[in-house]
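Please examine the sequence and the structure shown here before reading on.

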Amino acid sequence: MTIEINKLHKQFGKNQVLKGVDLSIDKGNIYAILGPNGSGKTTLIKSILGMVIPNKGQISVLGEPIKKGWKYRKKIDYLPQIANFPPNIKVKELIGMIKDLRNSPSEEAELIDLFGLEPFLNKKLATLSGGTKQKVNIVLTFMFDSPLIILDEPTTGLDPKALIHLKELIQKEKANGKTILITSHIMQFVEEVADEIVYLLEGEIYFKGCIGKLMEQTEQTNFEHAIAAITTASHA
Amino acid sequence: MPTSHPHYKFILALPLLLWTSLVWAKTWNVCDDCEHNSIKETISLAQPYDTLLVQKGTYREFEILVDKPLVIRGVGYPIVDGEKKGEIFRVTSDHVTLDGLFIINVGVSYTKDNAAIRVVQSKNFLIQNMVLEQLFFGIYLEKSSHGKVYHNRIIGEAVDEYNSGNGIQLWYSSGIEVLKNHVQGTRDGIYLEFSDEITIAENVSMENLRYGLHFMFSNNDVYTNNTFENNGAGVAVMFSKFITMRNNTFRKNWGTAAYGMLLKEINDAEISGNIFEENTIGINIEGSNRIKYNDNDFIGNGWAIRVIGACYTNIFKGNNFLYNSFDISYNSKLNDNVFEGNFWSSYTGYDLDKDGIGDVPYRPVKLFSYVVNRTPETIVLLRSLFMDIIDFSERVSPVFTPDNLKDAQPLMKVRS
Amino acid sequence: MLKILKYSFYDLIRSRWSYVYFLFYLALGFVLLFLNNDVSKAVITLMNVIIVLIPLIGTIFGVMYYYNSREFTELLLAQPIKRSSIFLGQYFGVAGSLTLSLVLGLGIPFVLYGLLRSNAIFDFSLLLVTGAFLTFIFVGLSFVIAISNENKIKGFGYAVLLWLFLAVVYDGLFLMSLIVFEEYPLDTFSLVATILNPIDLSRILILLKLDISALLGYTGAIFKQFFGTNLGFLISLAILLLWTILPLLGLRYKAGKKDF
């Protein structure tokens, strides 16, 4: 069991975002966490990362409860949603810095090459376009070798070529036996890469299972429609 | 015809008289192995108008009475040591000259004002080139007149006011010149009480316990070109009339109750061309009227001028006020004094017609100084942003400070 | 924490604002010395600037840096680093680089003008030490404000209000109470009121070291009696230190509870 979540509650002010989420994530699979805006996807991910502090419930990562700990994050690679980096440093320096901070072995050269980032290595981050920043973001995430990878909206701003590389990367990491968590709005992307779907709605897990099971349950043939169907079903 | 003219006769007789006095005036040598080795004894032997030459050496004598016209002159600064037993020289005759002696160890007394040199009811004396140390009072002139105190050096070691005396004191005296003396480390450097027509010039009075110069009930006096530095409380001029104070320097009288000059009940005086530099208060004025303050420089004082109590018809003209924390402090809302054509370093106005005079009046009284007068504790807010802001607003539209207290013709450039 | 400090520090000392701040002090130092050529007088003028500007710049810089690096902070939060280390590292980075700008900016002209041979060196170092304290205090306070307010505008508003309160309003209230209660003995009150506000405390500390303290009169004598002793000096340093530490504790507490 890579991640074990038990009765997780979180509220921001009066807004109850997570209402007792129970979830277990098994090793070696790709999970897509889906749900409409405001359903608590990011909150759930951030709770796992310890960025959001839950009101109630437990989370353990790789068998250890995460409360007040921070060392477990060494085993997680996280790609945040909007990467806004310190503007005054160069790409090369940022990579060096994250390496320095994590203090673990990394393989960035191959990734830089893959995304064609060499010309940008000596540029300041403030001068980069959104897509290039996202590529840097991806490099920073995949250059380490951690058993758990969390990707929050990884496709934002990517050109088709880079998107293909991203998918390849994800498959490669899966082949290495890693557990991957993804949130995305691009259903086509999810359908292509995800093994399991976790569907969040109003702070609760509404569906968990593989794509086939989802199609079956919603009696749809198209994935996108199937997702839409869960939502309408819930409102029905 | 000419021989019978009385004036002619007199003129003929004059050199004769001088000649005879020169012939008859005798010079006495005083030294350790001379025939006469005591100043006191030699004086008693001498005739009027004789000269005593006191040779280099140490003379342990006190209460030396000079009761006839004599010249007592030291050669190579002989030491007269009073051994702290009492007064040292007492002059009771006219026409006495004391010159070039080194007098030490005046007896300190709590009942008698012992002095190194006391002149009593005498005229036409000259005290010059003396060095006085280890003293109680230095030179004490009592009911004397028409004398000269010139180029003496008075160095005291006063610690407490109650057991120290003044450097040069004039009491009920008149027509005396006090020139080029250096007084330091006494209680009051120079003290005048009931003394009129005195000229005090080119003296240096410094590091005295209380005042560098102190006037009480003395009128028609002039003091010019003196330097008063680092005295306990500066210079005090009190209860006197028609004093002229010109071209003096008042410096570094810095302490919680120190000022360059204190004026108390002074009327009809002239204060011009003086420099007041780095004093806590440049001039502290209480109940003084009809005084002309012209062409003085006030530089880097805490308060340049602090007015307490009623002061009327004073005129401040052509002064430079440079970098003082407060230019003028004023405790009443009434103003009858005139400020005109001064230079103020904190003036920020402009001069469109280029006549050298600012087009906007300057208001020298800060609200803060008004507040401090009222509640002294508020001084702890000195140089805080809040005070700067309300000072600014008060300057723009005065509410608390006298409306007519302003210099309508501030100079644009420093008066040189 | 040291690594974060290092990166924040490098990030800041390469930013335009640090240069502006540094050059401002450099120019100020040179102009003051050029204008009156007197180290001890320049120290007095500098005090006026420092007492007002350092807290303001510290506050604004702190808030600005916090909000500007929010996303980067999130990036760091996902890394295996202790939360409090991230914020303390950033805090020391900002406060450190501002202090460095101050010390170098003022230090260079003064050293060139012969400070080391002048006896104003002690006054000058006191000026820099209180300047450094004020920087750390106000950057700390601004970090606490920023971390407690997600809304940038609100955060900025509160930070500037805080500065306004401590730099201006506090003294206004202080003055009013002195005037209202003028019939009572006020020495202890003014002593305590001064100590409680870091800006006032720094101002009085510097004033008392300069010979301008004679202006403070009787009240000043009491202040001098207090601050002049080693104990008084230590107490005031301790209070500045307390003012530095309290926001840090607040920052740690807030950082431990906050969701990102």
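## Terms and basis

A residue is called buried under 20% relative accessible area, exposed over 50% and partly exposed in between (1.4 Å probe, protein chains only). This is a predicted model, in which local features need pLDDT of at least 70, side-chain atom pairs count only at pLDDT 80 or more, and totals for chains, interfaces and linings use all residues. Residues are numbered from 1 along each chain as its sequence is written, chains are lettered from A and ligands numbered from 1 in the order in which they are written, and side-chain values use heavy atoms, leaving out hydrogens and water.

## An aromatic pair in chain C

Rings of Phe, Tyr and Trp (its six-membered ring) pair if their centres lie within 6.5 Å; planes under 30 degrees apart are stacked, over 60 edge-to-face and the rest tilted. Over all chains there are 35 aromatic pairs. C:Tyr66 and C:Phe143 form an edge-to-face pair because their planes stand at 75 degrees, with ring centres 5.9 Å apart.

C:Phe143 is buried at 0% relative accessibility, and C:Tyr66 is buried at 1%.

## Where chain C meets chain A

Counting heavy atoms within 4.5 Å as contact, 24 residues of chain C touch 29 residues of chain A. One salt bridge crosses this interface, where the term means a side-chain nitrogen of Lys or Arg within 4 Å of a carboxyl oxygen of Asp or Glu. The salt bridge joins C:Asp259 and A:Lys10, at 2.6 Å from N to O.
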